[in-house]
Amino acid sequence: MPELSVVIVAADGEQRAVLQVLVDGTSVARTVHASPSFPVAASDPVIRRIHTVAPAVILVDIPVDNPSPALRSLELLHQELPDAALFAIGSMTQPQIIVGAMRSGAKEYIERPTTTTDLLEAFVRLSSAQRKVQREGARGRVFTVINAKGGCGATTIAVNLALALQSAHGNTALVDGAPLGHAALHLNLKPLFTTSDAIRNLHRLDSSLLESFMTRHNDGLQLLAGTTIPLSVEPSTAEFARLFDMLVSHFRYVVVDVSSRSDATARLISNLSEVVLLVAQTDVASLWSAARVQQFLSDTGGRDRVQLVLNRFRKIAGFSEADAEAAAGIKLLWKVPNQYFAVSAAIDRGVPVMQQNHSEIARCFSGLAHQLTAEHDEVKRAAWSLFKSV
């Protein structure tokens, strides 16, 4: 059963009904109460009723024509229910209203009319923030790898990073989230099942069934393979969110190859990630694309988690690393040397370069894995779950 309880406060009856359908449609939250009036005092029956259901989230609809009562209720709700997250729903064409809502205590300001995806992404961001203060035991970290444009090498980076993490720490999963999966080819594996099979069985998915859908590499890495044919209907973002909740409860590290997809699923997975590795090369088109992909992923928050990885890197006279950062608008995290022929041969043979011990490029991926996990190894992190009660 969904774990995020939500209260809706909206004066307009039609809007209340729409918001309830949208909340329940996320599959990660449910409406426990809907109020037709804005509370005006601490003794207001609306406040008492909301206290009774103890919601995790309160959605407050802000009418365009008369926003003042809604803004005052936001401030009151923030004072009286400090443990509930306040989400404001309103027009994006009134900047002063947006500022007023945030000053009144709203954690999110969501555009009206709203979509299920908008709410789901807001719920994911809330859960990501709460993981910093929750202490429920260690759960896995997600690293997502995405191309700035096609052919930049996201799958190569994802496969070898996952192998490096498995070598250093064990208990690592590689998830192929590309529209057409190639990770299995890189690893010379022939999976019997894919992410689609896992998602179709979410209603009964547990740790044992999850492992049965995965394919084990001889180094111990577990692959949840991508689809081998383009899907006519993609799984919903809510389904991906539930799948990842299971993955992080089972694996220490989860590396996701989303390749060149730029859709709601890519943005959701990025929001679930500790770090998003945006893979580009040192050419104008690639860095230009990186800036646009970064903007797309950051539109729902989390700009700082997107970091640049320069693949097939070589020094170019008159062009510095700082120039690459400026062109892409992203902080440079790592550089992978230009060893195109070695990498191409490795892909053709299904023997990743990470398995070529003591090579420069293998050491490079081991270094990247260390860079991503050094702080994690030293500091016990907070746990997170989109479906555990908070």
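## Helix packing and nonpolar cores

In this predicted model, helix 2 (residues 45-53) and helix 3 (residues 68-80) cross at roughly 45°, and their axes come within 11 Å. Angles under 35 degrees count as roughly parallel and those of 65 to 115 as roughly perpendicular, so helix 2 is oblique to helix 3. The crossing of helix 2 with helix 3 is right-handed. Where these two helices meet, Ile47, Ile50 and His51 come from helix 2, while Leu76, Leu77 and Glu80 come from helix 3; by class, the residues of this contact are four nonpolar, one polar and one charged.

Another pair of helices, helix 10 (residues 237-250) and helix 11 (residues 264-271), packs at an angle of about 30°, with the axes 10 Å apart, which means that helix 10 is roughly parallel to helix 11. This crossing, too, is right-handed. The contact residues of this pair are set out below.

| Helix | Residues in the contact |
|---|---|
| Helix 10 | Thr237, Phe240, Ala241, Phe244 |
| Helix 11 | Ala264, Thr265, Leu268, Ile269 |

Six of these residues are nonpolar, two are polar and none is charged.

In soluble globular proteins, nonpolar side chains tend to be buried together. The largest nonpolar core here has 104 residues, and the members that touch the most others are Val57, Leu59, Phe87, Phe123, Leu174, Phe244 and Leu277. Helix 6 (residues 154-169) gives the most to this core, with nine residues. Leaving aside residues up to four places away in sequence, Leu174 touches several residues, among them Ala158, Val159, Ala162, Leu221 and Val255. A second, separate core has 23 residues, including Ile50, Leu86, Ala88 and Ile97.

Methods: Residues numbered from 1 in each chain as written. Predicted model: local features only at pLDDT ≥ 70, side-chain atom pairs only at ≥ 80, totals over all residues. Heavy atoms only, no water. Core = buried A, V, L, I, M, F, W, Y, C linked by side-chain atoms within 4.5 Å. Buried < 20%, exposed > 50% of the residue type's maximum accessible area, 1.4 Å probe, protein only. Helix = DSSP H or I, 4+ residues; strand = E, 2+ residues; numbered from the N terminus. Contact = heavy atoms within 4.5 Å. Axes fitted to C-alpha atoms, helices over the stretch in contact; angles between N-to-C directions. Parallel < 35°, antiparallel > 145°, perpendicular 65-115°, else oblique. Left-handed = near helix turned anticlockwise from the far one by under 90°. Nonpolar A, V, L, I, M, F, W, Y, C, P; charged D, E, K, R; others polar.
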